[in-house]
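Have the sequence and the coordinates open side by side. The walk below goes from one stretch of the chain to the next.

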Amino acid sequence: MDLQRKKLVFLDIDGTLIPRSQKMSEKTIQALRQAHAGGHILCICTGRTYCEMPEEMKKFDGIICAAGACVMWKNRILLAHYFSDQEKKQVMDLLEEADAVYTMEGFDDLYMKKENYESFVKRLDGCDEEEREILKLFERTCFCAEVEKMEKVHKCSYFYAGKEDEWFRERLEKWGMGLATFSQGDARGNSGEITKNTFTKGSAVRLLSEYLEIPIEDTIAIGDSENDLAMLRTAGIGIAMGNAFDYVKEAADDVTASVDEDGVYHAFRKYGLIS
């Protein structure tokens, strides 16, 4: 296969490949299969860490996870960023001050304090089935433990914080860290993910395209949320989902249909990845 004539495509998961129900539509599945059969290279580019990803998405040849903190090609880790012990403590202290429920997220496990986990479960009790899918993910991957002892933390996610975004941003900026809000986090209060500023989905996209020796102009990225901005701006063509935040749409080269209207399928058709 002549990679120079094929497209390298980066796909976000939540709000792009899957809706709140956590189930990909048949049209999306068909589009992925057809594009791959046509020789295009499809890569996941998600804020989720590896352990949080659905098993079927771990079968993609390229995986960028933890919002760019980990870059993989065919199960080989090309790059991995982690919090230092000091950064981990600073973030946890900040989230304790904000009275937030939070998880420290690594490659293999999610760690959450027992009282945080119990609070999370209680808050989701009685929610609709779509929100219950989130709880099932935590039940499958989360260890209630002394998070201070967790090694190799890629990033942190928090929910139900008692402080607004700007409060977090002002403090995180001093430590060389950043905050991205969740595209589907409305039902979980003030929520978002905290990462180091030394990496983004955009830097990971460039790294993988260079590793594969595919020109950046032959790359396409599709996403919907704040942590997708760098990815959309870096790729040759950046496409925002119809359900994306307005500022994400403004930063993109194009806008496709929403995730509930098979936006990935329509984008693939428009740009010739499938017939």
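Asn-75 counts as exposed, because its relative accessibility is 62% and the cut-off for exposed is over 50%. In this predicted model, Asn-75 is found in the loop between S4 and S5. Its phi is near 70 degrees, a positive value in a residue other than glycine. Lys-74 has its place in the loop between strand S4 (70-73) and strand S5 (76-80). The phi of Lys-74 is near 50 degrees, also positive in a residue that is not glycine. Lys-74 has a relative accessibility of 49%, so it counts as partly exposed.

Next comes helix H2, residues 85-97. Its 13 residues reach 18 Å from the first C-alpha to the last, close to the 18 Å expected at 1.5 Å a residue. Which residues of H2 are buried? They are Glu-87, Lys-88, Val-91, Met-92, Leu-94 and Leu-95. Seen down the axis of H2, these buried residues fall within an arc of 160 degrees, so they line one face of the helix.

What covers the buried residues of H2? The cover includes three strands named by their ranges, S6 (101-106), S9 (153-159) and S10 (177-181). Helix H5 (165-173) and strand S11 (192-196) are also part of that cover. Just after H2, Asp-99 takes a positive phi of about 55 degrees.

S10 and S11 come up again in the second largest pocket. S10, S11 and helix H7 (229-234) each supply at least two residues of its lining. About 270 Å³ of space lies in this pocket. It is lined by 15 residues, and Ala-180, Thr-195, Phe-199, Thr-200 and Asn-227 lie nearest its centre. By class, the lining of the second largest pocket divides into 6 nonpolar, 5 polar and 4 charged residues.

Stay by H7 and look at Asp-228. This residue lies in the loop between strand S12 (219-223) and H7. Is Asp-228 buried or exposed? Asp-228 counts as buried, because its relative accessibility is 0%. Leaving aside neighbours within four places in sequence, Asp-228 is in contact with Asp-12, Cys-45, Lys-201 and Gly-223.

Now turn to the largest pocket. About 330 Å³ of space lies in it. Which helix gives the most to its lining? Helix H1 (residues 26-37) does, with 4 residues. The lining includes Met-24, Ile-29, Leu-32, Arg-33, His-36 and Leu-42. Glu-56, Met-57, Lys-59, Phe-60 and Asp-61 line the largest pocket too. By class, its lining has 6 nonpolar, 1 polar and 4 charged residues.

H1 also takes part in the packing around helix H9. The buried residues of H9 (residues 263-270) are Gly-263, Val-264, Tyr-265, Ala-267 and Phe-268. They pack against strand S1 (8-11), H1, strand S2 (41-45), S12 and strand S13 (237-240). Just after H9, Gly-272 takes a positive phi of about 75 degrees.

Helix H8 (residues 246-251) is the last stop. Glu-250 has its place there. With a relative accessible area of 68%, Glu-250 is exposed. How far apart in space are Glu-250 and Ala-240? They are 8.6 Å apart, C-alpha to C-alpha, and 10 residues apart in sequence.

Lys-249 lies in helix H8 as well. Its relative accessibility is 25%, so Lys-249 counts as partly exposed. Leaving aside neighbours within four places in sequence, Lys-249 is in contact with Ala-240, Met-241, Gly-242, Ala-244 and Val-255. A residue of another part of the chain gives a second distance. Lys-249 and Gln-30 are 219 residues apart along the chain, and their C-alpha atoms are separated by 25 Å.

Terms used
Residues are numbered from 1 along each chain as its sequence is written. This is a predicted model: local features need pLDDT of at least 70, side-chain atom pairs count only at pLDDT 80 or more; totals for chains, interfaces and linings use all residues. Side-chain values use heavy atoms; hydrogens and water are left out. The expected span of a helix is 1.5 Å times one less than its number of residues. Buried means under 20% relative accessible area, exposed over 50%, partly exposed in between (1.4 Å probe, protein chains only). The arc is that of the directions from the helix axis to the C-beta atoms. Contact means heavy atoms within 4.5 Å. On a 1 Å grid over the protein atoms alone, a cavity is a set of points where a 1.4 Å probe fits but cannot get out, and a pocket is an open set with protein on both sides within 12 Å along at least five of seven lines; lining residues have an atom within 4 Å of a point. Grid points are joined across faces, edges and corners, and a volume is the space filled by probe spheres set on the points. Ala, Val, Leu, Ile, Met, Phe, Trp, Tyr, Cys and Pro count as nonpolar, Asp, Glu, Lys and Arg as charged, and the others, Gly among them, as polar.
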